[in-house]
Amino acid sequence: MKRMFLIMAIAIVTTFQVSAQDNNRQQMTAQQRTEQRIKQLDEKLVLTDEQKTKIRGLYADFNKQKHPREKRKEAMEKLTADITLLLTAEQQNTYKQMVEQAIAEKKNGKRNKPKE
């Protein structure tokens with residue numbers, strides 16, 4: 001009986017720890033999300049320092065505004081268009097593919113989980 005209670009207690013503690021880790025991953029500040037996004041873009045697009053600075057500014061402006069749910073898609077489209085204007089033709093093609101892939105994954109219910 002003691003052994004069964006101990007196993008149940010370990011299972012409960014483990015479940016809470018895993019749940020807490022998932023919550024910590026999702027609670028990033030706007031600045032942390034921006035830096036993560038710029039890092040992802042830089043890996044795929046090889047951004048210049050000037051492009052990184054300008055994109056960081058676009059994300060900062062976007063995050064300062066509180067977009068109502070119904071206007072958020074529109075605001076994201078504008079942000080995407082503004083970022084596209086800062087890219088070279090080759091980068092724009094890659095970025096367009098990245099955006100299309102992200103939209104497809106969202107529609108299929110797949111979200112990119114942060115790498116540990």
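Biologist: What should I know before reading it?

Modeller: The model is predicted, so to speak only of what was counted: local features need pLDDT of at least 70, side-chain atom pairs pLDDT 80 or more, and totals for chains, interfaces and linings use all residues. Residues are numbered from 1 along each chain as its sequence is written, and side-chain values use heavy atoms, with hydrogens and water left out.

Biologist: How many residues are in helix 3?

Modeller: Helix 3 spans residues 49-64, 16 residues. Helices here are DSSP runs of H or I, at least four residues, numbered from the N terminus.

Biologist: Which of its residues are buried?

Modeller: Q51, K52, I55, Y59 and F62 in helix 3 are buried (under 20% relative accessible area; exposed is over 50%, partly exposed in between, with a 1.4 Å probe and protein chains only). Seen down the axis, these fall within an arc of 95 degrees, so they line one face of helix 3. The arc is taken from the directions from the helix axis to the C-beta atoms.

Biologist: And what do they pack against?

Modeller: Helix 2 (30-45), helix 4 (69-85) and helix 5 (89-107). On the other side of helix 3, D49, E50, T53 and K64 are exposed.

Biologist: Switching to helix 2. Which residues are buried there?

Modeller: T34, I38, L41 and L45. They sit within an arc of 65 degrees seen down the axis, so they line one face of helix 2. The face turned away carries exposed K39, E43 and K44.

Biologist: What comes just after helix 2?

Modeller: V46, with a positive phi of about 50 degrees.

Key:
Helix = DSSP H or I, 4+ residues; strand = E, 2+ residues; numbered from the N terminus. Expected span 1.5 Å × (residues − 1). Contact = heavy atoms within 4.5 Å.
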